[in-house]
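Q: Some labels in a structure description rest on cut-offs. Please take the labels used here one by one and set each against its definition.

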Amino acid sequence: MPEAKPVAKKAPKGKEAAKPAPKEAPTEEAPAEPPKEAPPEDQSPTAEEPTGIFLKKPDSVSVENGKDVVIAAKVNGKELPGKPTIKWFKGKWLELGSKSGARFSFKESHDSASNVYTVELHIGKVVVEDRGNYRLEVKAKDFCDSCAFNIDVEGALVGVGEMLSVEVVEEEKKKKKDDDDLGIPPEIWELLKGAKKSEYERIAFQYGITDLRGMLKRLKKTKVEVKKSSAFTKKLDPAYQVDRGNKIKLVVEISDPDLPLKWYKNGQEIKPSSKYVFENVGKKRILTINKCTLADDAAYEVAVKDEKCFTELFVKEPPVLIVKPLEDQQVFVGDRVEMSVEVSEDGAQVMWMKDGVELTREDSYKARYRFKKDGKRHILIYSDVTLEDGGRYQVMTNGGQCEAELIVEEKQLEVLQDIADLTVKASEQAVFKCEVSDEKVTGKWYKNGVEVRPSKRITISHVGRWKRGLGFLTPEAEGPDPWAPPNISFLPLEPPKIHLDCSGKTSENSIVVVAGNKLRLDVSITGEPRPVATWLKGDEVFAATEGRIRVENLTDVSSFVIESADRADEGRYTIKVTNPVGEDVASIFVRVVDVPDPPEAVRVTSVGEDWAILVWEPPKYDGGQPVTGYLLERKKKGSQRWMKLNFEVFTETTYESTKMIEGVLYEMRVFAVNAIGVSQPSMNTKPFMPIAPTSEPLHLTVEDVTDTTTTLKWRPPDRIGAGGIDGYLVEYCLEDSEDWVPANTEPIERCGFTVKNLPTGAKILFRVVAVNIAGRSEPASLFQPVTIREIVMPLPQSLCPSLECPPTYILKVGEHINLVIPFQGKPRPQVVWTKGGAPLDPNRVHVRTSDFDTVFFVRQAARSDSGEYELTVQIENMKDTATIRIRVVEKAGPAENVMVKEVWGTNALVEWQPPKDNGNSEITGYFVQKADKKTMEWFTVYEHSRHTSCTVPDLIVGNEYYFRVFSENICGLSNSPGVSKNTARILKTGITYKPLEYKEHDFRTPPKFLTPLPDRVVVAGYAAALNCAVRGHPKPKVVWMKNQMEIREDPKFLITNYQGILTLNIRRPSPFDAGTYSCRAVNELGEALAECKLEVPQQL
């Protein structure tokens, strides 16, 4: 596969060689620059510096026609929040993924070590239509970036016929220009046609029209009344503009609010979502686009029936401003440097420069710097700065820039502590120490001008800024000692001494340490010979030199170290130093303070509708510091999110939590606070629910009274709440008493209750309370007492037992029968059910009777349950009777004896007999079907036929038919049909058909353009359309071309053909789109060509 050549290496050919590379031509006075040497063939030109996430951007290439090409790019995975999604586009919208498997293929690989993604686009056998602008898009979650490149195809030659057609078009254009003596472009005429008369002079001055009278004369001839839209009373504006991140509303007004309306974006219908919101306000139709992004920069249209109006939306990206600029810094060599700048947009692209040279990620590996992004902050980091890193640094965005100076200086070496003279005893150790200002500087030791080398007797060490030399002196040794500095003498013996700020048994040496911190006790000691130090806590001796608790002994210092102190380390520690002359003892009390323990016994004591009372006990251990207060948190059960209830410490141990939701389970916990910090949380309380009792029951009334009972009725409470109702409790008391007696121990669910065993003649008060999980509600009471005595009165006619009888019931087999027959009468009547004078079968029929109604129930109805049922209610010698008819039905059987009685022509007479079993219901009709004997596929002939015979017409000659008949009743069609025992055979006849002979007229015509393409001059950035009309039969194939190159799948162009009217729409043309456009129509009889020239002036 040949490698793709960069565009910069392509040699100019023909007239193109004379064109200058820059957009603006140099002035004549400017001296000509000497020609630069072209790069060698094996050297590619310098690519554009990668920015953002691209370590290597795709190169623009030029490839020969018919060859293969590979486009490669590299993406930095460290800058991405996850695995990226790679998409390749041609132009702005055409995604190349739809062409996978043809000439376009894709490859993607990942290097896990460097976290770099390599992506490739393979195009096989490049054709002329593949040239153009391409785009690579990388997406990862909310992050998105893209870069553009160009593919040019070499070897596209212009034919002789195309050159001739160009000359013809030029001649036609010249002739047309001669006819138009004013020289005004067509788009200016269109602008004048729609403008007001008061604006003519302004437009003429704006576009340089000097012949104002000629313009008005021609405009008078050509101006046409604008046709008013029948669907729109107010259309969309030609264009809208919005800043990225803001929202915009597109408003149209229609004539009829009932007309259906649809919105489109780049030809695709828009569906309602959180992004696109549709509103209907009277006759106005509003499309709101929320949080506009660059993807919303598109063409929009709204359609009502056959009418449409269009607009374009331009999304403007706001400039990235510098909120916090760089600051000057002065550092030393080897220091860590961070230069940060804060911008106004999150994820914005910035460019770093040093002394006018851009700093890139590719060079960061060589220059020892790196970039870091933290939201809106962009940071340049040097881990180990050098003198070469100093200079003037600059940060540039599309909305501003800032500069700062970085000064790097060498550190000046200083001796902080010089070597001191020593006086030691023979055979003892001598230590020389020297401290310098730089830890990284190493030194050399000299004795009498001769360098000292390490040996068994001499040790040289470098600890931070300290340089040490150690040696042992032997005065008995022969000759001068090799490690004998001047001024060495021998001292007398000295008893050991401990040097503390407050030493002695009468003073208290106390040290406070926070739990978890490191404790280091450095105690200076003196004595000759060197004393031995011992650390104790009570009787425990510490001698370990490693571990959490250890002892470190130097020449004149003994250190006691405790890593991560805890409560057990608290106590009095003793240091004892001894030598042959004597000993010394000192003690230090170590006090360990910590955060307190969690509070204990945390519990909820009471709850209400939206509140709860929380109580707890103080912690057993206060951490060595008094508890200053408590912090409280609350959360819903099952949630992981705790909500703080107080931000200032709460000093009491009882807290009322409010603003909770009734019926929701909550949990709470408490923290203790002292001067050291906050304790661990306490145990969560048991889940509790804020809930309140219901309001009192409503409308308490007395329904019935007897000698010993009273029946009460009421309605549910007005406010029930989240706790619901568990039931009701009924209580009563005598009129002169205050002792309420419960009538029921368990709550009842019904809103009615009969209180029994009451004393006859007593006057009693009643009340009812509702009960739920929160407790009892307020009681609902009667306003006056009730006398317990049955009201005796003769039975009037209206109170005699009577029945409300339902009509006849019709049910299907298998359904359940559930009849509720109400009745009235007092006292309670006696109810008797019979069927045909005989009692009912209790295994088949279930009867339940109450004071007001009787229920007749059969679980699964059968045909045998049909019949007349008698219901009798009786009180003493008064009774009432009702008859109830029940009919149980099912599907009928099939039709009987289906026969074909007669056949004539294409007709057949079919007869049958009614079914033996009608399903206990009247036959409402028959369903007749026919079937060809060859296929046996059944087709319906008649539905709901009332007769037992029918004539089947329009049978096919030569076929043989069967017939079948379904019976139909109230339950539907029978399960099986009756099939004819014989068939109907339709015989063929000898009739032949002779078609008339006629000569068909030839309507074919070659293509011919009825309306040619006019030359156009359009304004850059506004949509343009080229129109023409063609006629031909068969329908010609239409091809649009730009500069003799066919226009194919390019989203910039939209081609339509409506009944021979051809339109080429160009979306937002630019000077690059100027050229010669051709339309070719071809069919089997010939072809026709129409051409025009499109000019897009460069806007200044």
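A: Accessible areas come from the Shrake-Rupley method with a 1.4 Å probe, and for residues only the protein chains shown count as cover. By that method the protein exposes about 67,800 Å², of which carbon and sulfur atoms supply 51%. The model is predicted: local features need pLDDT of at least 70, side-chain atom pairs count only at pLDDT 80 or more, and totals for chains, interfaces and linings use all residues. Residues are numbered from 1 along each chain as its sequence is written, and side-chain values use heavy atoms, with hydrogens and water left out.

Q: Why is Asn579 called buried?
A: Buried means under 20% relative accessible area, exposed over 50%, and partly exposed in between (1.4 Å probe, protein chains only). Asn579 has a relative accessible area of 11%, so Asn579 is buried. Of the 1100 residues of the protein, 34% count as buried.

Q: Why does Lys90 count as buried?
A: Lys90 has 13% relative accessibility and therefore counts as buried.

Q: What does Lys90 contact, leaving aside its neighbours within four places in sequence?
A: Contact means heavy atoms within 4.5 Å. Lys90 is in contact with Leu96, Glu129, Asp130, Arg131, Asn133, Tyr134 and Pro1051, leaving aside neighbours within four places in sequence. The C-alpha atoms of Lys90 and Asp130 are separated by 8.8 Å, and the two residues are 40 residues apart along the chain.

Q: Which residues does Asn579 contact beyond four places in sequence?
A: Leaving aside neighbours within four places, Asn579 is in contact with Glu494, Pro495, Pro496, Gly527, Glu528, Pro529, Arg530 and Pro531.

Q: What makes the pair formed by Glu494 and Asn579 a polar contact?
A: A polar contact is a pair of N or O atoms within 3.5 Å; within protein, one must be able to donate a hydrogen and the other to accept it, and residues adjacent in sequence count only if both atoms are side-chain atoms. The backbone oxygen of Glu494 lies 3.0 Å from a polar atom of the Asn579 side chain.

Q: In which strand does Asn579 lie?
A: Helices (H or I, at least four residues) and strands (E, at least two) are DSSP runs, numbered from the N terminus. Asn579 lies in strand 42, residues 571–579. Lys90 lies in strand 5. The protein has five helices and 85 strands.

Q: How do you know that strand 51 and strand 54 pair?
A: Two strands pair if DSSP finds at least two bridges between them. Strand 51 (residues 710–715) and strand 54 pair in the antiparallel sense over four bridges. Within strand 54, Thr754 is the bridge partner of Thr711.

Q: Why do strand 50 and strand 54 stand at the edges?
A: Three strands form an open antiparallel sheet in the order 50-51-54. Strand 50 (698–705) and strand 54 (752–755) each have a single partner strand, so one side of each is left without a neighbour in the sheet.

Q: How many bridges join strand 22 to strand 26?
A: Six bridges join strand 22 to strand 26 (residues 377–382), and the two run antiparallel. Strand 20 (residues 322–324) and strand 22 also pair in the antiparallel sense, over two bridges. Lys324 stands opposite Glu342 in strand 22.

Q: Which side chains of strand 22 are buried?
A: Along strand 22 (residues 337–343) the side chains alternate.
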